[in-house]
Amino acid sequence: MTIDKSWTTIRRRGSSNEFWNGLQHFLQMAKPFVNDRGFIKCPCRRCLNNASHQLEDLESHIFRNGFMFGYNQWIHHGEPATANAGTTVAGPSGGIHERDEMFDVLDDIISEDADEDAVGGPSSNDQYDDLFAALRSELYPDVSSFSSLNFLVKLMHLKVLNKWTNKSFDELLKLLKLAFPKIDLVESHYEAKKLMTKMGLGYSSIHVCKNDCALFWKENSLKDTCPVCSESRWKLQSGKWSGKNVPHKVLRYFPVGPRLKRLFATSKTAKLMRWHSTGKSKDNDVMRHPVDGKSWQEFDKWHPQFAGDVRNVRLGLAADGFNPFGNMSLSYSMWPVVLTTYNLPPWICMKAEYLMLSLLIPGPQSPGKDMDVFLRPLIDELKELWVHGLDTRDAAYENGVFRMRAALLWTVNDFPARSSLSGWSGQGYRACPTCNEDTPSMRVIGKTAYFGHRRFLATNHHWRSNL
């Protein structure tokens, strides 16, 4: 019997049915040759048949790292030693089981580790093994339309859309377990969240001083008191330590780099990230995207090296406060800091699914003049992306790797929020962020009045002399 081995050289493994079917056929052929402990040599590009794993782990290893080069005669996995090496005639007629849509999702997620040519060598990180185990397992016996992972992802999506509480989600899982005893599902929301975090794009929790003086981050991460005001990092009960380290405030930080890399991980969005270079308005009097504006064009003149690669990312930042408790009388102000990607076309860049939450600043009061304290993690990462960039796989062009850089072009906010972001007060005698110290103002009947606006008009404008 001839064996098709051409699937072992396919690079885009996640989007290829041929690779998936060939891999399943290989695993079925190797199954009778595991040792008494259930282990067998792994022919992935990292293990190179030098390490042994259980058969169920071979699928994730080969998918993530690729099939090793030069292993043309599968003598360790069921092929007779007398067979001709490199035989590539007919292969399996169909898949071993129905291919799950989550397979493509995982391919995009782990593409940075999966492509040896793209990142200079396969990764040794095994964090995806649990995801592949959930992908392989059937949700219920004889049900092939849903894997356990696929069902769990859809269930978590419904939880977010309909604002289910964690407790209600736990109760639903218990009900499903009770009604369908053989269902393969996690036991609680905690376990589901723990599995979902392995898909990446999580966040970091950073403790904040009670008085918003500093973050307990980097050089202050191990301190128990604020380096500025000496206030305790932890909450106290009746002036005493409660026995549990509960911080006063927690800043949620969502790293920007991995989210930008994810936009280039799939060919569809990777192509859209180039739209700004080809979708400019041909009419000079029409502005349908910031790329048509003078600010964008001036930026390109000042930074030609950055503008030379159209894949470099242009960002805009928006921040404002809101009450997470809706219309309740409780006074509470929480500040999200959101980034938008202007590389994308105008009908996409402002959609909710393409806006990136980078910071969630805790309340109960507005950060005010201490906004810079909370912005530090984001500013540090933006500086890194501007100066050094980040190696990124471009799925639109055969997984080529490029050095992605990013620039923050401007902020979008109302006047009070601008005051917090810029550090320049938006009220008083010097409220103008353009004139600064030279703001023309005077006190009129208990209020501050601003005058002299006509100086911005052209020297020959008729309003200059019109009273």
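Reader: What relative accessibility does Glu298 have?
Author: A quick heads-up: this is a predicted model, where local features need pLDDT of at least 70, side-chain atom pairs count only at pLDDT 80 or more, and totals for chains, interfaces and linings use all residues. Numbering runs from 1 along each chain as its sequence is written, and side-chain values use heavy atoms, with hydrogens and water left out. Buried means under 20% relative accessible area, exposed over 50% and partly exposed in between, for a 1.4 Å probe and protein chains only. Glu298 counts as partly exposed, and its relative accessibility is 33%.

Reader: Which residue forms a salt bridge with Lys301?
Author: A salt bridge here is a side-chain nitrogen of Lys or Arg within 4 Å of a carboxyl oxygen of Asp or Glu. Lys301 itself is exposed at 60% relative accessible area. With closest N and O atoms 3.9 Å apart, the partner is Glu298.

Reader: How many residues separate Arg314 and Asp300?
Author: These two form a salt bridge, with 2.9 Å between the closest N and O atoms. The pair links distant parts of the chain, Arg314 being in strand β8 (residues 313-319) and Asp300 in helix α13, and the separation is 14 residues.

Reader: Is Arg314 buried or exposed?
Author: Its relative accessible area is 3%. Being under 20%, Arg314 is therefore buried.

Reader: Where does Glu187, the salt-bridge partner of Lys177, lie?
Author: Their side chains meet at 3.6 Å, N to O.

Reader: What is the angle between the ring planes of Phe67 and Trp74?
Author: Rings of Phe, Tyr and Trp (its six-membered ring) pair if their centres lie within 6.5 Å; planes under 30 degrees apart count as stacked, over 60 as edge-to-face and the rest as tilted. A search of the whole structure finds 15 aromatic pairs. In this one the centres are 5.8 Å apart and the pair is tilted, because the planes meet at 50°.

Reader: How far apart in sequence are the parts tied together by Phe264 and Phe402?
Author: Phe67, from the previous pair, is buried at 1%, and so is Trp74, also at 1%. Phe264 and Phe402 form an edge-to-face pair, 5.2 Å centre to centre with 70° between the planes. Phe264 lies in the loop between α10 (256-263) and α11 (267-272) and Phe402 in strand β12 (residues 400-404), so the parts tied together are apart in sequence by 138 residues.

Reader: Which charged residue sits over the ring of Phe402?
Author: A charge counts as over a ring if NZ of Lys or CZ of Arg is within 6 Å of the ring centre and within 35 degrees of the ring normal. Lys5 does this over the face of Trp74, at 5.0 Å from the ring centre. Over Phe402, 4.0 Å from the ring centre, the charged end belongs to Arg311.

Reader: Which residue of the β14 and β15 hairpin takes a positive phi?
Author: Strand β14 (residues 441-444) and strand β15 (residues 447-450) run antiparallel over 4 bridges; strands pair if DSSP finds at least two bridges between them. Val444 stands opposite Lys447 in β15. The hairpin has 2 residues between the strands, and the one with phi near 50° is Ile445.

Reader: Which residue is the bridge partner of Ser204 in β7?
Author: Strand β3 (residues 204-208) pairs with β7 (residues 249-253) over 5 bridges in the antiparallel sense. β3 is also joined to strand β4 (residues 215-216), antiparallel, by 2 bridges, with Val208 standing opposite Leu215. On the β7 side, the partner of Ser204 is Tyr253.

Reader: How many residues of helix α2 are buried?
Author: The helix spans residues 55-65, and it is largely enclosed by the rest of the structure. Among its buried residues are Leu55, His61 and Phe63. Gly66 follows α2 with a positive phi near 90°. Out of 11 residues in α2, the number buried is 9.
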